[in-house]
Structure formats: structure tokens, C-alpha cells
Amino acid sequence: MEVRKEILVAGIVQGVGFRPYVYRLATNKSLGGSIRNTPTGVTIEVQGPPEAVEDFVSRLPSEAPELAQIMQVFVRDIPCRPDGCFEIVPSHSGERMNTLISPDVAVCADCLSELFNPSDRRYLYPFINCTNCGPRFSIVRGIPYDRPRTSMSIFLMCPECQSEYDDPTDRRFHAQPNACWRCGPQLEFLDARGRSIDCSHPMQAAAEELHAGKIVAIKGLGGFHLAANALNSNAVGRLRERKRRVEKPFAVMVPNIETAAQFCNVDDFGRELLLSRQRPIVLLSKLQATPVAEAVAPRQADLGIFLPYTPVHHLLFASGNFKALVMTSGNLSEEPIAIANDEAVARLGSIADFFLVHNRDILLRCDDSVVRHAAGKTRQVRRSRGYVPVPIPLARSMPEILAVGGELKNTVCLTRGNEAFLSQHIGDLENAESFDFFREASSHLCKILEVQPEIIAHDLHPDYLSTKWALAQVGVRLIGVQHHHAHIAACMAENRIDGPVIGFSLDGSGYGTDGRVWGGEVLIARYSGFERVAHFPYIALPGGEAAIREPWRMAVSCLHHAFGPEFRKLQIPIIRDLPSNKIDFVIQMIERQIHSPLTSSCGRLFDAVAALLGVRYQINYEAQAAIELEMLARQSADSFAYPIALVRGDQEWKIDIRPLFEFIANDIRDGVPSEAISRRFHNGICELLLQLATQLREAFSIRQVCLSGGTFNNSLLLEGLSGALEAAEFEVFTHSKVPAGDGGLSLGQAVVAAEVISKP
Ligand code: ZN
Ligand code: ZN
Ligand code: FE
């Protein structure tokens, strides 16, 4: 007796070797039936003896190829019918394919062993790949995902590649980027002006130049990297100078996990992240004595480190025997990463001495992702290559909404069904190039998901380029979402909770509903709205943007707030260090309210304390002062918490930071080490938020707390606060799938907008 079952599988199951896998599973058991791609995944029919069919069904999800991401499986009995062998059948034409495109994936172990096997026909071939690995998202022009709609369309497969491609039992069955020395993309070595350098081994030439201390721009998976020998201070220094990147740390690629352990503390979590198929840049604490040039990550406790993820990287390390290479995005300061060869030469010609390029086009730029492990979870600092476009599962089905994010670290988000698709990291929308990338990334996302959103969610800031773009769209419904509400909603959505929650939304800045610059916000939040029950006190931001670049201005502003004009009598170094005319100037701005918007920013408070401690009067990259302040605090185990007063009002709790600054000023005067002061400050913030949460729980009977906003990139604060809240029996929700910072904002905007439109 035979049975026949129909199995519907939804998820990332196309272009990842799923059909050949199912084919092998079925034919091994001599089952009949078929498999075909459908709009939501694949449909399988199997027929055979009941035990064999049962076994097939149970093994199907558990033994699936590594890249497959099965979201749902439905099984039902259907009538038997006579058929022969198991078959892979074409999909019905004209169907809307709601399937998902896989992210770009690091080269797999099978391909690697072929790459270095002298008897393999792809020995040392820099573009080796298979259905388990290789480029996906970055080479896709449209859907469905097949070769003519990728940048591989111009390469005609040779007979050998074609027969692998056509063979369901082959690892390269329907591997769209399949290629070899004979038929696929090739490397080329160029000089700084883009002229081809005649050489038989471009890879060897690149390795030699890197050894000679030169800077080589290398075309990667989602864009160009600028590479330099990380052990050569001169090379790294030159890269900094030419890239106009003063101090922001560079990421370093090392050949293997053993080498990583010579530079950083690699624990089990770090190891797992480094070796994951997404191959992100992982932030790990630097070892005391590391051979990496100091200029790679000046004054940093952490190093961003990652492993080779393309065959090109592996070959480069094999050719040059490098211990560590700086591999930083191929761009000038904050512009998007370069992807096309001519574009790279035009934009990076003044930085790179040479170019290692190839003729497989990158259709969509996608920077490296940056992650770390903190407070028990993976934290996304920058979610991009390897993770995008894997959807974030939502608690319920949503209308189709495009959310356009904020201004800094922009991402966009598109919802479809019960999934949210975040774009790759787009960056700071401060120049025309980034804005072009923003438009390109949003339209591409709509295209590959086949969504024409009629609802657009945006930030309330009228000057954000993303807001302006949204407001210029016609025939759509627009929904503005407050920045800090969006942060908390993003945290609720990724944790699939409904609220109401106590939301601590802490960051540098976001546009408030009162037109002021918010950033230290305590909300009782639901998707549909929020009450602002407390916020950090409003402090003048003397000079606006200038106060962000120059934390000493915030220090003066906070001292003025705490002590009044008398603060100049304090016996602390900052008063002596700063020219008194500069202090006068800032005081005048504050007192006369000239170009001094008020801010409740938590980030600026960290800046002020950092400046008071002499950590930093000026910054060279975003959040630098706060990052260096956190590093100091980590070196102290002091348990004292500076007092921050909390006063309960009618509707609102008032936070008073004046005692905080009195204690800090006294400690500085008394010569307490900066490490301890910084630690006491961190402890003070934790203690304040714990007190607030406790009082809010009493007042509102809510015990769920969400922590969101860029300030929670501070893992000392994240660990300290979530630990303290959990100890006090709160249910604490944090980010792990999307960034806590503005990179996660678009998700929050989308879920808030969905709720708003559902109400009449
Ligand atoms: Zn492979
Ligand atoms: Zn070939
Ligand atoms: Fe923010």
C-alpha cells in the first residue's frame, strides 16, 4: 500500500540548493512525486510506502541545506496517482513569486577545498561558488532569482558548468553564479588611474603591493574595500590621511580564527560569530600586546575583526601570507561604498595605489555588517551584508508599508505579510551620493518583493532627506512617526510583544513633538501611541551641530545648568584648559538663547561628562566621546552611583541632573581617577532608570521594559541596566535582530504606521 502527501514549504528555499536536496532525499528512498517552486516557497508531492513517506517528511526540515531558512511547513494527504521517478518540475508561469532572495553568503567548505586542490578544475579560481555559497543579494537585478536576472547573465556557461547546472544531483544544480576559469568572471589589476597592468597573476601582484605598504582597492561582494597591511603603521597612516578618516577605527581581516585569537579575546560567542556564514565584522576586546598598528583603531579597547568570506579574500591571504589586512569600505568619509570599476577608479583613485577588480558587476551595494556579543545576545551594530534581505518575523500580518528611516545610519523597511524586510545599511543621508543610494535601495527592495506600497512612514524631522523624499511622493498615504516612539516600537516588534511597555529610548537626537531635540525619553508606549512620562532635563545645545562635534560646549552647558554662572569658580581642569573667551562665547549663546536649541539628549550628557574628564573636547566621528567614556568606566569596578534626583509630578516624573554634576565636579577636584568617575556616572544612570522603572510599574502596572536607541550600543549600560531590571523582576526586551540605533528606526516606523492606519 502506498500513500501520497503534499508538502508546502515556505521560506528561503529557492536558489539555495533546496530542490536538489529534496530530489536526493526522495530518490534515496525510491519515492515518486515532484517538487516545484511556488510563489511562497516550494510544493512537494511524495508517494511511497507509509514509513518511507513519514521518514521523508520528518527528515525534510532537519537535514535541509545550510542556506535554506524554512519558515513554515504544511503537510496533507492527497490521493495516490501513478507516477514514475521523482521529478523537479518547472513552476507555473505567471505566478507572483513571493519567495525570498538569499543574502550573500561566505564561500563554503566544499568550495574552499576545491579552490586549493591542484587537481580540481577550479583550482585557485577566484569566483568559485555553489548552491550553498556565493553572491546572491548583491548580484540580483529582479525576480525570480535565476541567471538572466543577475549580473552573471553576460557569462555563457561552458559545457562542463552547464552540465553541473542541469544535474539535480550536483552541488551546482541551478547555482546561478556558477562559473569556472573557462567561462566565468576574471580578475584584473589596475593602476591608480584605472589603466590595466599587464600581469599574469593579478592576485599575486596585489599581494606584493600590499606587502610593499601600498593601498589596494579590492572589489568584493557588496562593494570595494580599501586594503592595507594592518601591521604596517605607515601604510595604515597613509590610508587614514587619504581617506580623511582621522580616528574612526578600521576593521581588520585576519586569515583564520587562530590569528584572530592573537589579536583579540575570542570567546565562544566571538568564535561563533566570526565563523558564521554571514561573516560579519565582530567587535572583540583587543589583547594588551597586539601586533596590529595602533593607527588601525587608536585608543580603542575593541577591535573590529572578520574572516575571509570570498574566494578572492582566501586567495589573497594565501598569496601574501598576511597576518592582518585593514579592509575598510571603499569610500571617501561618509559616502556610500563604491561598486562599479570606473566609479571606484574615479572616487578612490586618490586613495588607492592600485585596484584589484573583476568583471562581475555588483548590482546592489552592501557594506559589511558589524556585530558584537553583549548581555547574552548578538547585537547588530550595522546590519547589512549576510543578514539582508532575511526578513524579521512579525507577530501578525501587516499592510504593505515602506518606512524610510531617519537621517544617520539610515535603513528603510518594507513590510509584506507578517514579515518586515530591512534594507542594507545605507548610511548618513547627508550628501547626494547617499541620497541616491537611499532611493536605489528602496526601489530595489520594492522590486524584489513585488510590493508597491501605498503607505509611507517617515520621521517627524522636516529637514531629514528621508522625510523630504516621503513628503514629495504622490498618491500615497503618509504617516509621520516620532523618532523615540519608533525606537521603542522597533524593539517591541522584533520581540513580538504588544505593549503597553515602559520604554527607555535613549540616543543622541531625534525630533520631538514639541519641536525640541529629544534624546533621553521615558515613554509608556504602545504601537498606536505613547505618553512621555519623563525625560532628561532640557539643556542648551550651544551652537547646535557644533555642540555635537565639540563636547566641551556640552560640558560648559551642563555646568552652567547645574551651577549657574558661578561654575567658573570650580577648581576643575576644563575651566583652566579652555580659553576663557571661548567659555564666554558659549555662555553668551546659552544666556541669550542664540543658536542654542534645547535638548533632552542622553548622548549629549555622556559627551558632557567625557569632556569634563578631559577624555575629549572634540570628536572625529559619531559617538566617539561616549565610546571612550565607556572604555574608561570598564577599567573600574567602583560600585558607587552618582545621585540623579527623581521627582514625581502630576503626569510626569522630573529628572534633575544638578546633583550629578555637583558630585562629578567634587570628585574631579579631589583627584578621583577618571575611570572611577566614569563608572560612577554609568552606575548613576542605571540607578536612575531602575528607580524610574520601579515607580512606573507601580503607577501603570506595567512590568515589560524596552531598551532602545543608540545609547544602548554602550554595552556596559546595556548589561548593567538589563541585569538590574531583571533582578527587580522586570521583563526586559532589547534588540538582537535589528540595531538599537537609528539603523532599526525604519522597522519601528512601519509597525507604528500599520497600527495608526488600522484605526478609523
Ligand atoms: Zn560552495
Ligand atoms: Zn565553466
Ligand atoms: Fe535615534
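The dialogue below takes up metal sites, a sheet and aromatic pairs in turn.

Me: What kind of model is this?

Reply: The model is predicted. Every value discussed here is computed from that predicted model.

Me: Let us begin with the zinc ion (ligand 1). Which residues are its protein donors?

Reply: One begins with the donor atoms and their distances. Here the donors are the SG atoms of Cys108, Cys111, Cys130 and Cys133, lying 2.3 to 2.4 Å from the zinc ion (ligand 1). Along the chain they follow the spacing C-x2-C-x18-C-x2-C. Cys130 is buried, with a relative accessible area of 0%, and Cys133 is likewise buried at 0%.

Me: How should I judge the geometry of such a site?

Reply: The ideal angle for four tetrahedral donors is 109.5 degrees. Four donors count as tetrahedral if all angles lie between 85 and 135 degrees. At the zinc ion (ligand 1) the angles among the four donor atoms are 104 to 119°, and the site is tetrahedral.

Me: Is the site of the iron ion (ligand 3) tetrahedral or irregular?

Reply: The site of the iron ion (ligand 3) is irregular, with angles of 87 to 167° among its four donor atoms. Its protein donors are His483 (NE2), His487 (NE2), Asp507 (OD) and Asp742 (OD), at 2.1 to 2.2 Å. Their spacing in sequence is H-x3-H-x19-D-x234-D.

Me: What does the pair His487 and Asp742 tie together?

Reply: His487 belongs to helix H13 (residues 483-494), whereas Asp742 is in the loop between strand E29 (731-733) and helix H23 (745-758); the pair therefore ties together parts that are 255 residues apart in sequence. His487 is buried at a relative accessible area of 1%, and Asp742 is buried at 12%.

Me: Turning to sheets, in what order do the five strands of the open sheet lie?

Reply: The order is E4-E1-E3-E2-E5, and the pairing is mixed. Strand E4 (69-78) and strand E5 (87-88) stand at the edges; each has a single partner strand, so one side of each lacks a neighbour in the sheet. E5 runs parallel to strand E2 (residues 32-38), and two bridges join them. Ile35 stands opposite Ile88 in E5.

Me: Which strands does helix H2 touch?

Reply: Helix H2 (residues 50-62) packs on the sheet and touches strand E1 (3-12), strand E3 (41-48) and E4. The direction of H2 makes about 5° with that of E1.

Me: Finally, how many aromatic pairs are there, and how is one read?

Reply: The count comes to 16 aromatic pairs. For each pair, one reads the distance between ring centres and the angle between planes. Phe435 and Phe438 are stacked, at 5.8 Å centre to centre and 10° between the planes. Being three residues apart in helix H11 (residues 432-449), Phe435 and Phe438 are separated by about one helical turn. Phe435 and Phe438 are buried.

Me: Why is the pair of Phe640 and Tyr642 edge-to-face?

Reply: Planes over 60 degrees apart count as edge-to-face. The planes of Phe640 and Tyr642 stand at 85°, with ring centres 6.0 Å apart, so the pair is edge-to-face. Phe640 is partly exposed at 36% relative accessibility, whereas Tyr642 is buried at 1%.

Me: Which residues form one aromatic cluster with Trp181?

Reply: Tyr125 and Phe127 form one aromatic cluster with Trp181.

Notes:
Residues numbered from 1 in each chain as written. Chains lettered and ligands numbered in written order. Predicted model: local features only at pLDDT ≥ 70, side-chain atom pairs only at ≥ 80, totals over all residues. Heavy atoms only, no water. Donors = N, O, S within 2.8 Å, 3.2 Å for Na, K, Ca; no water. Tetrahedral: all angles 85-135°; square planar, octahedral: opposite > 155°, others 65-115°. Helix = DSSP H or I, 4+ residues; strand = E, 2+ residues; numbered from the N terminus. Buried < 20%, exposed > 50% of the residue type's maximum accessible area, 1.4 Å probe, protein only. Pairing = 2+ DSSP bridges. Contact = heavy atoms within 4.5 Å. Axes fitted to C-alpha atoms, helices over the stretch in contact; angles between N-to-C directions. Phe/Tyr/Trp six-rings, centres within 6.5 Å; stacked < 30°, edge-to-face > 60°.
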